[in-house]
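Have the viewer open while you read.

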Amino acid sequence: MIRRLFSTLIADYPPAGEFLPSAPSNRQPSTGSGSGGADVVPPAFRTSSLQSLSWLHAISPCFPVSGDRIEVIREPGTFYNTLLDKCSVAQRRIMLASLYLGTGSLETQLVAAIHENLRNNVQLKVDVLLDFTRGTRGERNSKTTLMPLVKETDNFRLSLYHTPVLRGLTKRLAPPRWNELLGIQHMKLYLVDDTVIISGANLSNDYFTNRQDRYVMIEDRRLADFYANFLGKVQEFSLTVGRDGATRLHDTWTMLPYKCAQLEFATEARDRIRAYYRSVMDEQRAVCERDEAQHADTWIFPLIEMGQLGIHHDSLATKQLLSGCLAGSQLRLATGYFNLTETYMNTLTNECQAQCNILMAHPNANGFLGAKGPAGGIPAAYSLLARKFLEMLKSSGQSHRVELLEYERPGWTYHAKGLWYYLPDSSLPNVTLIGSSNFGERSVNRDLEAQICVVTNNATLQRKLETEYQNLLQHATTAETELINRPVPRWVRAVVGLFRNFF
């Protein structure tokens, strides 16, 4: 019954519109000072080895910073302690966007720190954006954990994003967990005053202790303001939790996501996000010509993906990065769940010229290992998809250029995702992608995702990024032989093609 309900909704997506007026191209921008976003780029992108990346200025706002103001966090415990410390002393704002907030002791301590800060500082504003289905699952959940703050002060706001795809009979009948398959709020953005932490980690115990992820912390007022305003836009089409625990529409929104016309909801949400991005890009055209921008050594490009709303921004940029890899370059790709889209796999096989490593979770490090019901077959499904990609590489004569690796660490699960790109003749990464996207079907077609593309000439930051990747490799082994020989249950082989869009 549930399977039939889900399959009928695949055709209900709005048309996949392009996020900006045109998709990125390999055309190099001119060096003139015209008003077009593609024409205004820092000198480093015009005359150095970074020239092949200058197209980024045409598709995203650019935030020039000093690489010395970026910290690469490597351990989940450090991530938690950093978040706890900063939330405890925040002066103006805290904005947390995650899939969910856990209910354990560490999560309770974090909420208590925020609660205490709110009581002591009447100037502090706190906004939390979570997914509706995941955040309300079970009797004790993210919402119930945060209700004391909602009830106590107007300075705390809890917003729950509800996918417009979950509606009607499916909303009434789909049980918890299953209803999350249709689409979720998956962004992981943590903002405290002028500090932004971009991650793939959720706010729960595993992600604070023994679930390996990635975390980059940036100190920059302009970037923090950008994300504060961006999350405010997402909150507009999310549901707001009132003091009575009921959800209501945002003051500027009129459509319930599960009752209004789905296309109407998606179109209005897309238009608001698109208008915001375009307005920021117009403002940023002047930024790139200021002295501070001309002398920056690092550039940050925010990327987002909201496939159900018709926004395909991050996936366009990611494909361009993959297809634009130069001969003699190196590419390191990581994902917690190997379910690369057909577009990404074809691009890596047929267009990418880099020597590639792809790091993924070993079944023993997969968070779905041992799950009840059909979810227990997900690790095997990922292995099957990786095996098929290996076969594609071999049939195309590209297996010598792409190596698959698996992360396995006793007592740990693996959730790190992203990209490290090394320009020709560079032993350190010049580019990294970090954020919530797993580069899979869900990330492109179902969930709300956020990444940043960091381009840098800062040697210290480059070494930090290299150390980060090498630390992941300490627990990785070549996967080819085991993938070929690893048993996959028949039922998994039978259904993986039907359901790969859902996991």
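Six bridges hold strand 4 and strand 5 (residues 156-161) together in the parallel sense. Here strands are DSSP runs of E with at least two residues, helices are runs of H or I with at least four, and both are numbered from the N terminus. Two strands count as paired if DSSP finds at least two bridges between them. In this pairing, valine 128 sits opposite leucine 158 of strand 5.

Strand 3 also runs parallel to strand 4, with five bridges, and methionine 95 faces aspartate 127 in strand 4. Strand 4 (residues 125-131) has six of its seven residues buried, so the rest of the structure largely encloses it. Buried means under 20% relative accessible area, exposed over 50%, partly exposed in between (1.4 Å probe, protein chains only).

## The whole sheet and its edges

Zoom out and it's an open, mixed sheet of nine strands, ordered 2-9-7-6-3-4-5-10-11. Strand 2 (70-73) and strand 11 (247-249) are the edges; each has a single partner strand, so one side of each lacks a neighbour in the sheet.

Valine 241 has threonine 247 of strand 11 as its bridge partner.

## About the model

This is a predicted model: local features need pLDDT of at least 70, side-chain atom pairs count only at pLDDT 80 or more, and totals for chains, interfaces and linings use all residues. Residues are numbered from 1 along each chain as its sequence is written, and side-chain values use heavy atoms, leaving out hydrogens and water.
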